[in-house]
Each structure stands twice: as structure tokens, then as C-alpha cells.
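The notes below take the topic up piece by piece.

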Protein chains: 2
Amino acid sequence: MGDVKGGVSIRQSVRGDGPRMSDVKEMPSRSPLIKAMPKHEPAAGAPDTRAKGKRELTKLNNREAILNSAREVFAELGYGATTVRDVIRKTGLASGTFYNYFKSKEEVFEAIMDDGMRRIRPRLKADRIRSRNFEEFIRNAYATYFDYLVSDRHTFQMMRGNQTWFRVRMDTPEILAGLEEIKEYIEEDIRDGNLPPVDSEYLMAAVVGVATEIGDRMILRQKLDPKAAAEFATSLILKGFEALPLKK
Amino acid sequence: MGDVKGGVSIRQSVRGDGPRMSDVKEMPSRSPLIKAMPKHEPAAGAPDTRAKGKRELTKLNNREAILNSAREVFAELGYGATTVRDVIRKTGLASGTFYNYFKSKEEVFEAIMDDGMRRIRPRLKADRIRSRNFEEFIRNAYATYFDYLVSDRHTFQMMRGNQTWFRVRMDTPEILAGLEEIKEYIEEDIRDGNLPPVDSEYLMAAVVGVATEIGDRMILRQKLDPKAAAEFATSLILKGFEALPLKK
DNA sequence: GACTTTGCGTGGCGCCTCGTCAACTTCGCG
DNA sequence: CGCGAAGTTGACGAGGCGCCACGCAAAGTC
């Protein structure tokens, strides 16, 4: 994101309802309600706490608190309507503190997305390793992906709430690397003769496009059925690539 | 978008270079350079000018000027970094005037997107009508879509420029309707027995996902080859759907 | 344990953009 | 020509942004 000087602020008038907190000088810190999330206490599910200095610990907790708050607020107000202040308010921290952890709202969002990608990439790699051919890889990868979507569904339902008309997809380095990895798997299979010489970038794009778009729909359904979604995507791609035009 | 109260403003510090125009009271209107786009003159390619009052004409021109400026500025700064002021500045109009035409930056973007969808939907419908089976429809539709992408490539390269890490996809009513239409075509074909009873929503999602993702890649390539892209997507889907799991 | 150093949380501030609106200009029409 | 409607203008109040001087508490030193 290079240097950023401001954040997004698509605010929805819905929020104009309650008393505006204008004159209030930035979070008076009285009000017990606000302290819902105490400053320096371990957030639920904080990672790996043993043998850390107190400083390091708070840092971890604060970061996690901001991310969790962000997830909640994004879900509640939608990404666009959320301000950095909305996020930080829920944590009980001061506004300035936010900027010790993230440069902007976008960076928080990136972090959330990257988090997902970081969780799924090793699984894909494992799928790749234990698969002996393209077919198995695709099958495993889709199963992994749709399972992951369900397990992490809150992140992905996040953007759907309310008046958000955006679907934002962010090209973080982590995500790009993940995509590139898939392409490389394909190219490897082509080199090894497991796959005819098709356009690897397009095939990767198709695999990914099918995953994201079907995943999107799956998440919106009442009954989440990752197996069915995976089966659908897998059949389509595996049969489909038989007929793909070859690269000259 | 319902009620909107603000716009996005991810500003890049790059722009902090030149003299900041802080003290300058909103566009002093002197400076001949600014008048690059004269207020009330027909913009290139303005639609259907015959027999209109001057008022109606300016309205059309202003709207078009704003849209064109937006396209340029989005391309230059990226969507996120663009402010309403950036857009309006290029037109020579006053900031207030912007709001006579659009509620926010988002609405401009929607208008640009919808514009695209409005141009392509009739073509898809025509494809649909002149196709006698699913296979022909898919083939025609993909050809249409990728051709359209090339013809309107500037709109789609728009989001790629510079530091923009977002890919924004907007669910405007027009776009949703377009997707729904594709789904209905599929369902029609299922009813008519041209297609086995597959999950029409997922198939639509797959068709669309393949289109968008491959389209995205195509646009980024040196040599734009819509035929190849269409061929790739068509083969994949047409072969692929032969193996799709049937809906019970 | 006392004393220094370092890290970082805090919150007020100046900057900037937003969306509005009263005043003004232009157009259409009789 | 003159009047009302339509549209434009730009200054303004509101509020979010990101910064930074300040102070406190944890870590480091003897």
C-alpha cells in the first residue's frame, strides 16, 4: 500500500440515529461499558503465551484485539462504513495506539485476509505433496478450500452484511504468492507430462475463479455443504481440462 | 447505496510532494490550466444531441465529463486514493456541482460499472436468442464477454494502476440482474431437457468465475487475445459440465 | 532495590475531505 | 424584457485522519 495518508469513510446515515458523539473529546475513558475489553488482558485464543515479557505479551494481545474488533465492526457496519476510530473504540485503546499496529484500515483488512491465506497455504502444499497426480491435487485442494471457507466463514460473511455493495478482493503479497504457487503446481505437472501443455495461467485463473465464485455462493446458503461445493468444482475442472486448447 | 455520508480517501503520500493546496480556498478558478475541459462544451462522444435545450445539454455533458474525469483519475491514482475533489477538479466544475449528479464517489463507480453491464446485457440476450442449445450459448456468451472486455479495457485496467491493491467488485442492481439472467438461462435449459438437472446457481457461479478471473488475466497480458480466452473458457465449461453432479 | 533507558499507550491537534446550502447565474418562456 | 425555475458556485460546519509531545510502566543496569 506504499504510503497512505487517509482511510476510507463511506459512512452510512443509519448511524446518524443515536446521539452523535461530536463534542465528546475522543473517548473519555470513563464509562465502564467501554471497558468491555480490558486493556492488558489476554484476548481469547491469543497465540503462544509462554515465556514472554509483559511488553511483548501486551503487544500481541493488542494486535489481536484490534483484529478481532475489526472483524466485528466490519461485519456490523460493513467495510466501507467502518472508521479506524470505530475499530479502536471497541478495544478500549486510544486512537493513536491503532497506528502503532497498522497504518490504516486497509492494512487491518489485509492482515485479516493474509491470515486466512497463511492458514490455507500450508494445507494446499500438503495436498500437493500427498497427491500423486493433478486429479488428486485438484480434488484435495477444493475439499481443503471449501472446508476452510466454512471454518472461517465469519471472515467471509463479513463483507456481506448491511449496505455493503463492495466485494473487495485484496492482492496482498501472501495472496499473490498463493496464486502463483497454484500456477507452479500446474506447470510442474505439465513438465512431468501429467498434464497436457495448456495455458497454466488461465487454468490457474479458472481454478481460482470457480473456487471463489462458488465459495461465495456456498457461504450464502442456509445449509453449508462444503463437500457438495467441492464435488461440483472438482468435477467441472477435472472433466473440463480434458478439452482445453493446447498451447503451441 | 442507501444513504451515504462520506467517500473514500486512501491518499498516497506521493501526492504530498508539490505545494499543498491548503490555504487555497477551494479552486480559485483563475489559472487557465485548469480550464482544460471547458465547462459547457460537448464532450467527445456525447450521446444524442439533436433537438435539446441548452440546459438539458449541459446536464448531459456535465455528467459525461464527470464520468470521464473519474475514469481518468481512477486510472491515475487508483480508486482508493481518488477523492471526489480530484474528480471534479479535472472538469472545471465546482465541488457542489458534483453532488447534483452523484451522491458519492461510489456512485460514480457504480455508474461506470453499470454502464458496462448495460452495454453487455443486450448482447448476452441476443446470444441467448440466437443460440439453439446450451453449448452455443456458452460459446457466444464468452466470445461476447471477452470481446467486450477488450473494447472497454480502459475501464478494467482502471483498477490496476499504481498502488491499488483492491479489486472492487460492485453488486449493483444491474449487475445482479445480469447474473440472475444467466442463471435463468441455465434453468430454462434444464427445464427444456437441454441440460441435466445440475445446481444452476453453482453452474452460473462457475461460468461467471471463469469469465472474470480469466478476463482479469487476459487484460494484463501484452497481446490481448479475446478469442483465445473465450476458447479456453468455453472448452472448460462445456466439457466440464458433462461430469457435473446431478441435483437430487 | 534504586536508577536509567526504552517502548509504547495516550489524546489533543492541525490538516483535509465531505456534503450542504444560501446566494447567485443562466435558461426558458410568455 | 422580465420573471420563475433550474442549475452552479464555493464557503462552511462537521468529523475523520494520522501525528507527535508527553508520561508512565516495563526492561535493562549496577
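Tyr142(B) and Phe146(B) are 4 residues apart in helix α5 (residues 134–151) of chain B, so about one helical turn separates them; helices here are DSSP runs of H or I with at least four residues, numbered from the N terminus. The model is a predicted one, in which local features need pLDDT of at least 70 and side-chain atom pairs count only at pLDDT 80 or more, while totals for chains, interfaces and linings use all residues. Residues are numbered from 1 along each chain as its sequence is written, chains are lettered from A and ligands numbered from 1 in the order in which they are written, and side-chain values use heavy atoms, leaving out hydrogens and water.

**Aromatic pairs**
- Over all chains, a search of the whole structure finds 20 aromatic pairs, where rings of Phe, Tyr and Trp (its six-membered ring) pair if their centres lie within 6.5 Å, and planes under 30 degrees apart count as stacked, over 60 as edge-to-face and the rest as tilted.
- Phe74(B) and Phe109(B) form an edge-to-face pair, because their ring centres are 6.0 Å apart and their planes stand at 70 degrees.
- Phe74(B) lies in helix α1 (residues 54–77) of chain B and Phe109(B) in helix α4 (residues 105–130) of chain B, so this pair ties together parts that are 35 residues apart in sequence.

**Burial**
- Phe74(B) has 0% relative accessibility and therefore counts as buried, a term that means under 20% relative accessible area, with a 1.4 Å probe and protein chains only, whereas exposed means over 50% and partly exposed lies in between.
- Phe109(B), at 0% relative accessibility, also counts as buried.

How values were computed
Helix = DSSP H or I, 4+ residues; strand = E, 2+ residues; numbered from the N terminus.
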